[in-house]
Amino acid sequence: MNAHPTPGAAATSSAGQAIAGPATAGSVAPDPLAPVFAQYPLHVVSASGVWLHTADGRRVLDLYGGHAVAALGYGHPGWTRALQSQAQSLNFQSNAVPLDVRTRAAQRLLRFAGGGFSQVFFVNSGAEANENALKMAFTSTGRGEVAALEHGFHGRTAGAGAITWGAAAKWYGFPRTPFDVRFLPRRDPAALAQITTQTAAVIVEPVQGVGGAFDLGADYLAALRRRCDATGALLIFDEVQCGMGRTGRPFAADLYGVAPDMITTAKALGNGFPCAALLMNPRVAAAVKLDAMGTTFGGGPMACAVIEAVIEALESEQLIDNVRRVGELIRERCLVGPVRGYQGAGFLAGLICARPAKEVHKALLERDILTGTSGDPAVLRLLPPFILRSPQVEQLRSALLEIGS
Ligand SMILES: Cc1ncc(COP(=O)(O)O)c(C=O)c1O
C-alpha cells in the first residue's frame, strides 16, 4: 500500500475500502499520484506470510489481503518461483501465438471450477471480465437489458460501473450508461418478477464484498436460477472477490449448489499479479465467435504461470479446507467486544458492529491488525490470506475484547 499523502482525502472511499486520511502530515513535495484513494496510515515496506512490515518497525497482522488479493499471503515460495521461472523462459507473447502455459492454466482453472464450464477467456481485471460477460450475454441472447442487485459492486468501467449499485450518484462519470439496468433488492424473491424475456443477464455476487460480506443464500440464488431459466436470461456470478476458494469452496457457486452460466473471477486468482478470467458454460461458449472479445495482456504467460501456481498451492496445501476451518473459528470466537453479529462466508467475513465499523477498524489498526470496512457502515470486512491460523484469530479476539463495546 502506498503511503503517499492525499491532502483532504475523503474519510471513506466509494468502495468503502479505506478510511484514513493522509499517511504523513506536513509533506511539501507535490504528490505524483492522482488523489483518488483514501489512504491507511500505514507505510508498508515488505511482507511475509500474513504479516506486513512497516517503515517504522511495526509488524501488522493483515486481515484484509490487499482487497481480497493476497490469498497465498506474502512471499509464497511456489508463487514466487513460478513468476521467476516464467520471466526467465518467456515473459510475453500475445494471444495470436498459442502457448502451452496458457492452455494449461485454462484447463487447470476449468478443473478447479468443477466441471460445469467448458471455456475460459483470460483478461486483466475484474471489471474487464464483467464487461466481457455482459457482452457475451447481449450477443448470445440478442437482448439489451441487465438486472443487477442493490449494493452490488462490479467495477469502474462504463459497463461494470453501470451495473454497480449507487455508482451513478457517487462516481460513474460517463454521460449515460451503455444499456438499461434494473436494480433488484437483495434476497427478495418477489422482485425476481422484474426479470423478463427482455433481460439478457442477471449479474450477482453470491457473497457481496463491498456490500458488506452479505451472503445471498442458497434459496435466493436457486430462485434466481429458476427465474433465469424461465425467462431465458443468463445468470452471471461475479466471483471476483468471493471466488477462488474464499468462501471455503472453489467458487461460491459450489457453496450454494447453484450453477451460473458464467463466472467472472480475479483478485485471488493471481495473488497480486494482475489477471482475471471469464468462465463460460457450453451454451455461452458456443456463441463465441472469432474476434468477439480481445485483449493484449490477458492470458499472458506470466499471468498464466501464476494462475497455475495459485491453484497448485490451494490444492496441494489444502488451503480451502483451512478457509472453512478457520472461517468457522472467526465466527465462533470473534463475536465479542464491539461485534454483535456475523454475515458472509469463509474468509469473506462481515463482523456487524454495534458502533461504526470505521472506529473499530481504527482501534484495531492501533493494535497492529489491519481489517477492512465496507459499503455498510456497521460492517467490518475481513478478507485474510488463506494461510491464516487459529492463533491469529485469537489475536483478533483479544484485540476486540480490549476495544470493548
Ligand atoms: C465483486 C467485484 N467485482 C468486480 C470488481 C472490480 O475488479 P477490478 O478492480 O479488478 O476491476 C471488484 C473489485 O473490488 C469486486 O469486488
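Helix 12 passes helix 13 in a right-handed crossing, meaning that the near helix is turned clockwise from the far one by less than a right angle. Both belong to a predicted model, where local features need pLDDT of at least 70, side-chain atom pairs count only at pLDDT 80 or more, and totals for chains, interfaces and linings use all residues. Residues are numbered from 1 along each chain as its sequence is written, and side-chain values use heavy atoms, without hydrogens and water.

Let's look at this pair. The axes of helix 12 (residues 357-366) and helix 13 (residues 390-403) come within 10 Å and cross at roughly 115°; axes are lines fitted to C-alpha atoms over the stretch in contact, with angles from 0 to 180 degrees between N-to-C directions. Helices here are DSSP runs (H or I, at least four residues), numbered from the N terminus. Val360, Ala363 and Leu364 of helix 12 touch Leu396, Ala399, Leu400 and Ile403 of helix 13 (contact means heavy atoms within 4.5 Å).

Now turn to the ligand. Among the 13 residues around the ligand, Gly126, Ala127, Asp238, Gln241 and Lys267 come nearest, where being near takes a heavy atom within 4 Å. Helix 4 (residues 126-141) gives the most to this shell, with 3 residues. A polar backbone atom of Gly126 is 2.8 Å from a ligand oxygen atom, and a backbone N or O atom of Ala127 lies 2.9 Å from an oxygen atom of the ligand. From the side chain of Gln241, an N or O atom is 2.8 Å from a ligand oxygen atom.

Technical notes. Helix = DSSP H or I, 4+ residues; strand = E, 2+ residues; numbered from the N terminus. Polar contact = N/O pair within 3.5 Å; in protein donor to acceptor, adjacent residues only side chain to side chain.
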